[in-house]
Amino acid sequence: PVLLGCGSAQPGGCPALCECSEPARTVKCVNRNLTAVPPDLPPYVRSLFITGNPLTDLPAGAFPAQRLPDLASLNLSGNHLRTVEAGSLALPALRQLDLSGNALVSFSPQAFGEGGSPLEELALRGALRDHGVLLSLAALLQSGALRNLSRLELADNGLLLLPAGMFTALPALRQLDLSNNSLVGLRNVSFQGLGQLQSLNLSDNSLGMLWNSTLAQFRSLPALRHIVLSRNTWVCDCAIEDLVAWLKESDQVEGKEALTCASPDKMLGKALLKINGSDLNCSVPIDLPSQLQTSYVFLGIVLALIGAIFLLVLYLNRKGIKKWMHNIRDACRDHMEGYHYRYEINADPRLTNLSSNSDV
C-alpha cells in the first residue's frame, strides 16, 4: 500500500508529519523532530513507528487505550527517551514493543498499568545503561505483569551482573538475548521456571566459566536447544573441567567447536573441546566443605592430645596432688574451728567477759 503523508490531521485521518496507510493499519512518524506523541493518532492503527525523534518522555496516557484499542506493535526505538511513566503503555492489544536505542533513566514498574499486559515481545537493546533502570525492569518482570512475554532482548547494554530472580516470573519466555554485554558470571541468575525457553544468547560477554549450578539448570530445561557462548573470555584452569565435560556431552550449544581459551597464556587459543586433564595439570579438587571438614578433624585431634597430656600429668603427680589437697583440707578445718570457737565465745556472755579480761 502507498503511504500517504498528510499535512494536517483529519478526524480518523493522519497526524501532521506522519505517514499513514489505513489499509495496512500502519502509521509512521520517522525522523520528524517530534517532541511528544501525536495526540490525534487514528484509531485504526495496529502498527505504529515513532523513531528517530527528540522524544524524551512517555507520560501517563501517552497512548490512550480507548482511542487505540487495536494497537499491537509499537516501535519507539532510536529516540531520546529518558522516562517511561506509570500507565504510559497500558494498551489492551499491545503485543510487540521496541524501546531500543534510548538512554532510559527511569522506567516505572507500572508502565503497563496495574493489571497484566498481553505483551509478547520486548526489545531493550542499548536502553539499560543506567543501573536504576535495570532494577526497575527486574521489578517489573518479577511482578508477573508480563507473564505472556515470549521474547526478551537485552543485548548491547554493558551489563556486568543481573539482578537475582529477574526471570523467575516469565513462564512463557522462549527467546532470551543477553549478547554483547559484559557479563562476568551467572551464579546469581536463576533460569528455573523457564520451561518454554528455547534460545539463550550469551555471546560477546566476559564469561570466564560456568559453574555446575548453572550447567545443571541448562540440563533441566527441556526445550532449551540453542545456547550461544561464542566470543567469551574462557579461563582454562582447573575450574573449567566441568564446563568442558558438559560441552562434550551436550547438544545444546551452537558452534561449540569454535569455543577457545582466552587465558592463561599457555592455553591461549586452544579449543575447549580438546582440553583434557593433562593440559590442566590438576590434582584431585578439594572443595571448601571438604577443607573445612579436614580442619575440624585436625582441631579435634589437637584438643584430644592436649586432654590426654593433661590427664597424664595429673596421674604422674597424683601423690603430690593428694598431699596438696590434704593440706588445703587441714587449713580449711583449722580456719573453720577458729570461726566456731569465736562464735561460741560471742554467744556466751560469761565467756565474753572472760575474753575482755584476758589478764585474769
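A disulfide here is a pair of cysteine sulfur atoms within 2.5 Å. This is a predicted model, in which local features need pLDDT of at least 70, side-chain atom pairs count only at pLDDT 80 or more, and totals for chains, interfaces and linings use all residues. Residues are numbered from 1 along each chain as its sequence is written, and side-chain values use heavy atoms, leaving out hydrogens and water.

**View 1. Cys14 and Cys20 form a disulfide.** Their sulfur atoms sit 1.9 Å apart. The S-S torsion is about 75 degrees, so this disulfide is right-handed. Cys14 is buried at 4% relative accessibility (buried means under 20% relative accessible area, exposed over 50%, partly exposed in between, with a 1.4 Å probe and protein chains only). Cys20 is buried too, at 5%.

**View 2. Cys18 is joined to Cys29 by a disulfide.** Here the S to S distance is 2.0 Å. With a torsion of about 105 degrees, the disulfide is right-handed. Cys18 is buried at 1% relative accessibility, and Cys29 at 0%.

**View 3. Cys236 and Cys261 form a disulfide.** The sulfur atoms are 1.9 Å apart. Its torsion is about -95 degrees, so the disulfide is left-handed. Both cysteines are buried.

**View 4. Phe112 belongs to the largest nonpolar core.** Such a core is a set of buried Ala, Val, Leu, Ile, Met, Phe, Trp, Tyr and Cys residues joined through side-chain atoms within 4.5 Å. This one has 85 residues, and Phe112 is among those touching the most other members. Leaving aside residues up to four places away in sequence, Phe112 has contacts (heavy atoms within 4.5 Å) that include Leu89, Phe107 and Leu146.
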